[in-house]
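Student: Could you take me through one part of this model closely, the place where the two chains meet? I would like to see how that part is built and what sits around it.

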Amino acid sequence: MTNAIHVEALTHSYTRADSRTLILDSVEMSVPSGQSVALIGRSGSGKSTLLNLISGLEPVKQGNVSINGQSLLNLNDHQRTRLRGRQIGFIYQAFNLIHTLSVKDNVALPLALSGVHSGTAYARVKQLMDAVGLAGREEDYPDRLSGGEQQRVAIARALVHEPALILADEPTGNLDANSGRQVMQLLRDLVQQQGSAMLLVTHSQEVARSADSALLLNNGKVEVVDTLALEQSAAW
Amino acid sequence: MLAHILARSSWRFYRQHPAQLLLSIIGIVLGVGVVCAVLITNNSSQRAFALSTEALYGNTTHELIGANGVDQQFYVELRNRFTSINMAPVIVGNIAINDEVYSLLGLDPFAELAFNRASNSPFASATTSQQQAESNGSSLTDLLRTDALLISEKSARDKQLSVGQMITLDVAGQKHSAYLAATYQSDNPVAATGLLLGDIAFVQKLLQRGDKISRIDLILDDEQELALQEYLPQTLQLKQAGSRTDTMRAMTRGFHINLTAMSLLALLVGIFLIHNTMTFAVVQRRELFAIMRITGITSRTLMKNILIEAVAISSIASMIGIALGYFLSSALVKLTTRTINDLYFVLHVQEVWFSPWLIALGLALGIGSSVIAASIAAIDAASTNPVQARQRSLIEERSQRLLPLLAMIGVVIMAAGALLSVLPLRSLVAGFIAMMLIILGFGLLIPWLVLHITRSLKPLIDKLGISLSLAAGGIYRNISRTGLAIAALSIAVSATFGVDVMIGSFRSSVDNWLKATLQSDIYITAPAAASTQTASMLSPDSYSRATGTLGVASVSSGRTLQVSTSVGDISMLVIKPHSSDGGGFELLETDGDSPWQLWSADQSLMISEPLATKHKLQAGGSIDVFTQNKGFTSFNIAAVFRDYGSSQGKLLMARDVFDLYWQAPGISSLGIVLNNSVEVELVIDQLRATLASSERPLSIQSNTAIHEQSLIVFDRTFEVTRVLRWLTVGVAFVGIFSALLALHLERAKEFAILRASGATRQTVLMIVMAQTFIMGLLAGTLALPLGWMMSEVLIKVINLRSFGWSMQSMLPVDAIGETLVLAVASAMLAGIYPAYKLSRTGIAEQLRDD
Ligand SMILES: Nc1ncnc2c1ncn2[C@@H]1O[C@H](COP(=O)(O)OP(=O)(O)OP(=O)(O)O)[C@@H](O)[C@H]1O
Ligand SMILES: [Mg+2]
């Protein structure tokens with residue numbers, strides 16, 4: 001069985017005011033295909049940084065990352081972008097929708113960028129809008145939707161091109177508990193339907209427990225944690 | 001404390017966006033610089049003009065002139081009769097030294113004492129104090145040499161001429177030598193530049209004036225004036241010393257007005273640029289300001305902070321702008337002086353005008369428009385509710401709703417401008433206002449047009465791929481920003497198109513006119529000193545000798561002289577044409593059916609179009625001309641003819657008529673029509689052999705050579721306009737650059753999202769470049785109708801009112817292409833840097849949760 005994500009000896013540091021801060025220190029981890037894995041860790045521990053490296057938004061400087069068996073190490077920016085465009089869907093805490101594009105166009109963006117014909121694309125967009133329960137809101141603009149609605153649009157965008165891997169960075173962090181739960185449920189269902197793998201950053205024990213397994217990022221190292229023993233973990 | 005925190009916030013913003021700060025400064029520097037440069041240029045040449053006439057006239061209150069100079073004998077009589085009156089004989093002419101034209105003033109040293117001419121009365125000092133003369137490096141004996149000339153100390157220094165040197169003078173094509181006896185110091189060295197002084201007898205000989213002097217200068221009180229008036233014969237005219245200057249000033253008025261038009265255009269674009277940069281500097285921090293508001297900072301405090309910032313930036317930038325204007329103007333002054341020398345009279349501008357007023361004006365312009373622009377943006381930023389400030393789509397929707405209203409206001413303003421331009425007014429100011437209204441109105445209409453054009457083209461563009469589709473969408477979705485940038489570029493480009501069409505139409509009208517007017521195959525003239533307009537005479541028998549030359553079919557003769565009329569001093573062309581129908585002259589208006597017959601009759605003449613327009617004269621009317629034999633005489637106007645030769649107007653008189661009123665048999669030019677099938681060059685050689693003599697060199701030119709030269713002078717005349725036009729485009733370029741940069745930086749996050757969703761760097765580059773391409777194309781396309789309207793106003797209103805020339809407007813096809821290329825190229829050029837930056841920004845940084 002191949003891994004959707006495979007990370008080997010990944011090291012990353014930032015230079016800030018002349019001093020280097022090590023964020024990731026020889027991280028080893030993997031996410032098997034089709035599985036949901038939760039990533040937990042203290043604020044500032046480097047979770048977002050890890051996700052950015054995996055998705056190729058930031059170049060890997062030391063160590064290696066493979067997506068569905070494809071190593072990112074020897075890929076240039078162009079090739080990484082292509083890979084990301086086809087195989088990864090990203091969901092952010094801050095939604096990151098384009099405010100001057102309608103909901104429909106926001107969702108269609110990944111398809112349009114990979115050259116899918118607009119007829120086909122919008123049919124698929126329609127399908128997903130129904131799935132996330134936003135049918136009829138296609139022509140609205142994102143900055144006039146509620147947080148929960150915006151995140152559902154972001155989910156639709158992340159899934160629209162049926163990527164094998166979903167990266168979600170605290171998708172419910174900006175939502176109240178209730179709508180957070182709904183959005184999570186929706187995300188889990190859709191990911192399962194598509195059979196995609198998902199790496200999900202979360203601060204919620206409840207969310208972490210519902211995943212197939214959980215990883216803890218602490219002091220630059222990633223270790224597998226027992227979801228049942230989460231209460232005792234230092235991660236919260 | 002709070003003020004400090006806010007100031008630190010501004011400071012940090014600009015530290016993080018150095019490009020924004022630099023652009024704000026460059027924008028103001030260029031805006032202020034161009035306007036100041038034109039102002040300085042305009043003022044320098046006008047001041048130089050005032051100074052040079054001051055140098056020529058000194059204390060003179062009146063001058064006595066005749067229709068063909070004044071007899072020297074009369075001066076002697078007058079002097080003996082009115083011993084108490086200060087009077088001095090003067091001969092004025094132009095000569096050239098090393099191809100540079102100087103005014104030569106022939107004076108009588110003994111009569112000069114009271115006149116204080118060229119400020120410090122050089123002759124007075126030279127004759128009264130030998131010591132002073134010696135201190136200038138010469139002795140009295142040197143000054144008494146018959147070939148002595150004096151030059152101002154400044155000119156001598158500038159032109160590296162030294163006292164005691166022999167100089168070669170070019171007088172109407174002949175070489176003469178003179179002795180540079182002394183330099184004189186003048187209270188006003190600038191006024192005296194380009195002015196040579198000599199003893200009247202020597203100058204008379206040099207300029208071949210026979211026993212004529214140019215005029216008698218007088219210092220009169222009222223009583224003396226009356227006494228003199230009584231004594232004077234009808235054929236001499238006593239004038240206020242200033243009146244000639246007025247005529248000369250009127251000549252260059254049109255020219256200076258055109259310069260002013262360009263400076264207004266520069267001003268408009270400059271203000272726009274400043275507005276643009278300041279607006280963007282504020283708008284970029286909308287969110288920041290919103291957060292500050294939420295934290296409890298009042299909108300008053302925020303406004304104050306923004307205004308202080310605007311004043312700080314704009315005052316530094318304005319000072320730099322004024323300095324830039326000063327340097328630019330020295331180049332522009334050279335161009336304008338050359339044009340004035342070509343077209344009107346000899347003018348030396350040595351000093352570039354500068355005054356505290358200019359600094360005040362530059363500062364007012366720079367700081368004023370910055371503060372206004374910044375406060376409009378600040379009011380907007382401070383008044384929008386802090387939550388909405390973050391909702392970009394709301395801002396866009398609001399501006400989209402505003403566009404139809406703006407467009408309607410624009411149409412109304414344009415209509416007002418159009419109405420104003422067709423009203424039968426004579427005021428130039430009204431013409432300029434009309435033009436500005438049309439530009440402003442169209443500018444307001446542009447964003448609305450852009451919105452609708454891009455929207456309606458969307459389905460078509462969508463088919464061309466994602467990059468173009470996103471690019472086109474980006475334009476109408478961000479119309480509040482893109483509309484402004486497109487309008488700016490469009491206006492700047494339309495100005496170049498409008499000016500191109502105007503110059504093109506003008507040039508082709510002149511070209512056609514030259515073709516029609518230059519009826520002779522060969523023209524013979526006595527060369528005038530360099531480029532001045534006063535002609536010298538041909539030898540008396542040249543007419544008959546030319547007629548007798550082999551291959552010559554017919555000969556026409558002409559003579560140009562300056563005459564006094566009821567509407568001022570005007571140049572008059574006296575001709576004996578080839579045929580009885582004048583030939584070549586295009587008559588725009590005639591008195592009766594046979595104007596040429598009427599013209600050759602006693603007491604008739606024709607006038608050129610500018611004269612008719614400016615003084616409301618018509619065919620069938622009359623004009624008083626000061627003649628040599630009968631003083632003021634009324635002449636009937638037989639027709640009005642087209643003439644692009646001079647903007648101050650021209651009289652055309654038949655030789656036979658002229659001879660009745662003047663005793664001036666000389667001719668200054670011959671026009672020769674050849675028999676068919678003779679070689680032009682051969683006849684020219686023959687004519688040169690028969691007509692030339694050592695003391696009278698000739699200029700013999702074929703019709704085509706004159707035609708070409710005239711067009712060269714024409715092109716030179718518009719060089720200043722062209723230069724200014726490019727400066728305006730430069731200013732606009734910086735404007736569009738800063739607009740695009742600000743627009744795209746503002747959208748950095750949007751592009752980061754695109755990148756995260758799978759858009760490669762190339763795709764981002766493509767989108768941005770495609771967008772600037774479309775913006776450029778839109779700006780260029782919209783510039784065409786606006787430019788056309790501008791050219792119509794320039795041709796039919798402004799030029800007609802300032803020069804009096806009517807012309808046929810025509811559309812130069814290549815100018816259309818050039819305009820589109822200019823717009824697209826400058827937009828794309830301005831887009832390269834933002835595109836590059838956007839494709840390189842770190843995606844992760846932009847997407848960090850804020
Ligand atoms: N571009 C950058 N330059 C310098 N330091 C950075 C940069 N990006 C992140 N960091 C630092 O790296 C560390 C890890 O950041 P990261 O965003 O990955 O944390 P996180 O685990 O996602 O935190 P949170 O749970 O609060 O989102 C932080 O200390 C942050 O300040
Ligand atoms: Mg994070």
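Tutor: Here is a walk through the interface, followed by the ligand site and a few features of each chain.

Some ground rules come along: this is a predicted model, in which local features need pLDDT of at least 70 and side-chain atom pairs count only at pLDDT 80 or more, while totals for chains, interfaces and linings use all residues. Residues are numbered from 1 along each chain as its sequence is written, chains are lettered from A and ligands numbered from 1 in the order in which they are written, and side-chain values use heavy atoms, with hydrogens and water left out.

Let us start with the extent of the interface. The size of an interface is often given as the accessible area lost when the parts come together. Here chain B and chain A bury about 2,500 Å² between them, where buried area is the accessible area (1.4 Å probe) that two parts lose on being put together, summed over both. Carbon and sulfur atoms account for 58% of that area. Chain B brings 28 residues to the contact and chain A brings 26 residues; contact here means heavy atoms within 4.5 Å.

Between chain B and chain A the count is two salt bridges, a salt bridge being a side-chain nitrogen of Lys or Arg within 4 Å of a carboxyl oxygen of Asp or Glu. Side chains of opposite charge can pair when their charged atoms come close. In one salt bridge, the side chains of Arg755(B) and Asp77(A) meet at 2.9 Å, N to O. Six residue pairs (both residues at pLDDT 80 or more) are also found in polar contact across the interface of chain B and chain A. A polar contact is a pair of N or O atoms within 3.5 Å; within protein, one must be able to donate a hydrogen and the other to accept it, and residues adjacent in sequence count only if both atoms are side-chain atoms.

Which helices of chain B each supply at least two residues of the side that touches chain A? They are H15 (392-422), H17 (466-477), H26 (748-756), H27 (761-803) and H29 (843-847); helices (H or I, at least four residues) and strands (E, at least two) are DSSP runs, numbered from the N terminus. H26(B) gives the most to this side, with six residues. By class, the side of chain B that touches chain A holds ten nonpolar, eight polar and ten charged residues. In that scheme Ala, Val, Leu, Ile, Met, Phe, Trp, Tyr, Cys and Pro count as nonpolar, Asp, Glu, Lys and Arg as charged, and the others, Gly among them, as polar.

Now to the ligand. Ligand 1 is surrounded by residues from chains A and B, so the site is shared between chains. Of the 14 residues around ligand 1, those that come nearest are Ser43(A), Gly44(A), Lys47(A), Ser48(A) and Thr49(A); a residue is near if one of its heavy atoms lies within 4 Å. An oxygen atom of ligand 1 lies 2.5 Å from a polar side-chain atom of Ser43(A), and for Ser48(A) a polar side-chain atom is 2.7 Å from an oxygen atom of the ligand. Tyr14(A) has a side-chain N or O atom 3.4 Å from a nitrogen atom of ligand 1.

Lys221(A) is partly exposed at 39% relative accessible area, and Asp25(A) is partly exposed at 26%; buried means under 20% relative accessible area, exposed over 50%, and partly exposed in between (1.4 Å probe, protein chains only).

Chain B has 29 helices and 21 strands, and buried residues make up 56% of its 850 residues. Within chain B, Asp643(B) forms a salt bridge with Lys650(B), the closest N and O atoms being 3.6 Å apart, and both residues are buried.
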